[in-house]
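Please look first at the sequence and then at the three-dimensional structure shown below.

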Amino acid sequence: MSMTQTDKTNRQLVLAARPKGEPTKDTLRLVTGDIPCAGKGEMLLRTEYLSLDPYMRGRMSDAPSYAAPVEIGDVMIGGTVAQVVTSNLDGFAPGDWVLSFNGWQDYALSNGEGVANLGRAPAHPSWALGILGMPGFTAWAGLKQIGAPKAGETIAVAAATGPVGATVGQIGKILGCRVVGIAGGPKKCAYAVDELGFDACIDHKAPDFADQLAKASPDGIDVYFENVGGKVLDAVLPLLNVNARVPVCGLVSQYNATKLPDGPDRMNWLLGQILRKKILMQGFIIFDNFGHLYPQFAKEMGGWVESGKIKYREEIIDGLENAPEAFIGLLRGENFGKRVIRVGQKK
């Protein structure tokens with residue numbers, strides 16, 4: 001089976017089995033088929049870049065969620081940057097780069113719905129899957145709309161060097177806040193402080209993690225941007241100030257869990273913290289809650305990136321066939337920055 005994209009066949013990664021716990025090499029199956037032909041009102045897209053995101057783990061499961069699961073045998077879903085091969089649609093011409101939702105495959109048909117034209121020669125096409133796309137929008141809207149930070153307040157953010165967390169922290173600094181990141185390992189923490197400008201970053205793998213976090217947050221925490229859950233949340237909760245805000249974006253530490261963790265039921269303790277401290281804790285799904293703000297985000301974030309106020313780290317892995325292993329690593333926290341699969345050939 002070809003390990004490179006060709007104009008002869010369409011490689012697809014389909015869901016072969018619903019994982020119990022962490023996905024394995026048997027969760028997805030690589031198959032090949034014919035390249036489809038665009039009919040009336042359609043265009044054929046060739047995938048160039050595939051985004052890997054933690055939410056995809058939930059789509060592999062058939063447990064109740066905010067979106068329908070991927071069915072067994074169907075192509076795994078995912079955001080993509082693609083090029084138009086042929087088009088029978090106004091507004092899209094062969095050679096155009098587009099932001100699309102092709103999923104884990106080389107080629108896909110589209111009627112144009114939900115597809116954004118990126119032009120003929122975008123400077124950084126894959127960035128539409130990161131800082132200028134869904135992860136950047138998630139950070140921007142979750143922090144500004146729910147976190148509502150005020151200058152001088154302290155923001156804590158988990159997964160601080162990931163595409164969402166890194167952006168949250170940098171926006172926090174632009175808004176005049178103290179920013180404390182939480183990341184896995186000394187290298188990631190050093191990057192958050194030295195490159196991204198965080199005031200501090202604590203390694204959640206350190207045995208005295210909770211003590212270090214408390215020392216780095218002498219005035220408590222006013223906004224906690226939640227990406228992780230688990231022991232990180234346990235350490236943050238006692239440090240939350242009265243009227244703290246907690247945008248709940250993700251719980252990546254729990255996505256592979258098959259049961260609740262051992263130990264006493266602490267739900268009432270959590271609710272007590274929320275009640276006594278008048279904490280606002282709100283989950284959100286970015287386009288469901290804040291989709292109408294995308295044009296405002298695109299303008300502001302585009303300006304910050306162009307001026308150098310926001311820095312962005314991308315981790316590109318070549319080959320569609322390497323996507324499953326790269327995704328498993330993403331859920332383990334092995335990524336350093338936004339993880340993207342280059343499906344097409346290097347240009």
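Rings of Phe, Tyr and Trp (for Trp, its six-membered ring) form a pair if their centres lie within 6.5 Å; planes under 30 degrees apart count as stacked, over 60 as edge-to-face, and the rest as tilted. One aromatic cluster is formed by Phe137, Trp140, Phe287, Tyr294 and Phe297. The model is a predicted one, in which local features need pLDDT of at least 70 and side-chain atom pairs count only at pLDDT 80 or more, while totals for chains, interfaces and linings use all residues. Residues are numbered from 1 along each chain as its sequence is written, and side-chain values use heavy atoms, with hydrogens and water left out.

A pair of aromatic rings is described by the distance of the centres and the angle of the planes. How are the rings of Tyr191 and Phe336 arranged? Their pair is edge-to-face, with 5.3 Å from centre to centre and 90° between the planes. This pair links distant parts of the chain, since Tyr191 belongs to helix α4 and Phe336 to the loop between α10 (323-331) and β15 (338-342), 145 residues apart. Here helices (H or I, at least four residues) and strands (E, at least two) are DSSP runs, numbered from the N terminus. Tyr191 and Phe336 are both buried, where buried means under 20% relative accessible area, exposed means over 50%, and partly exposed lies in between (1.4 Å probe, protein chains only). The rings of Phe284 and Phe290 are tilted, because their centres are 5.9 Å apart and their planes stand at 55°. Phe284 counts as buried because its relative accessibility is 6%, and Phe290 is buried as well, with a relative accessible area of 9%.

In helix α4 (residues 186-194), the buried residues include Lys188, Cys189, Tyr191 and Ala192. Seen down the axis of α4, its buried residues fall within an arc of 160°, so they line one face of the helix; the arc is that of the directions from the helix axis to the C-beta atoms. An α-helix has 3.6 residues a turn, so residues three or four places apart point the same way. Pro186, Lys187 and Asp194 are exposed on the other side of α4. The cover over the buried residues of α4 includes β9 (178-183) and β10 (200-203), contact being defined by heavy atoms within 4.5 Å.

Empty space can also be examined. Rolling a probe the size of a water molecule over the atoms shows where empty space is left. On a 1 Å grid over the protein atoms alone, a cavity is a set of points where a 1.4 Å probe fits but cannot get out, whereas a pocket is an open set with protein on both sides within 12 Å along at least five of seven lines; lining residues have an atom within 4 Å of a point. Grid points are joined across faces, edges and corners, and a volume is the space filled by probe spheres set on the points. The structure has one cavity of 30 Å³ or more, and the largest cavity holds about 60 Å³ of space. Its lining consists of 13 residues, of which Gly162, Ala166, Lys311, Tyr312 and Arg313 lie nearest its centre. Helix α3 (residues 163-174) gives the most to this lining, with four residues. Thr167 also lies in helix α3, and counts as buried because its relative accessibility is 1%. Apart from neighbours within four places in sequence, Thr167 is in contact with Ile131, Gly136, Ala139 and Met301.

The second largest pocket holds about 810 Å³ of space. It is lined by 24 residues, with Leu233, Asp234, Pro261, Arg266 and Met267 nearest its centre. To this lining α6 (230-236), β12 (240-248) and α7 (267-276) each supply at least two residues, and α6 gives the most, with four.

Finally, the backbone deserves attention. Most residues other than glycine have a negative phi, and most peptide bonds are trans. Asn243, in strand β12, has a positive phi near 70°. Lys278, in the loop between α7 and β13 (280-283), has a positive phi of about 55° although it is not a glycine. Asn243 counts as partly exposed at 41% relative accessibility, whereas Lys278 counts as exposed at 52%.
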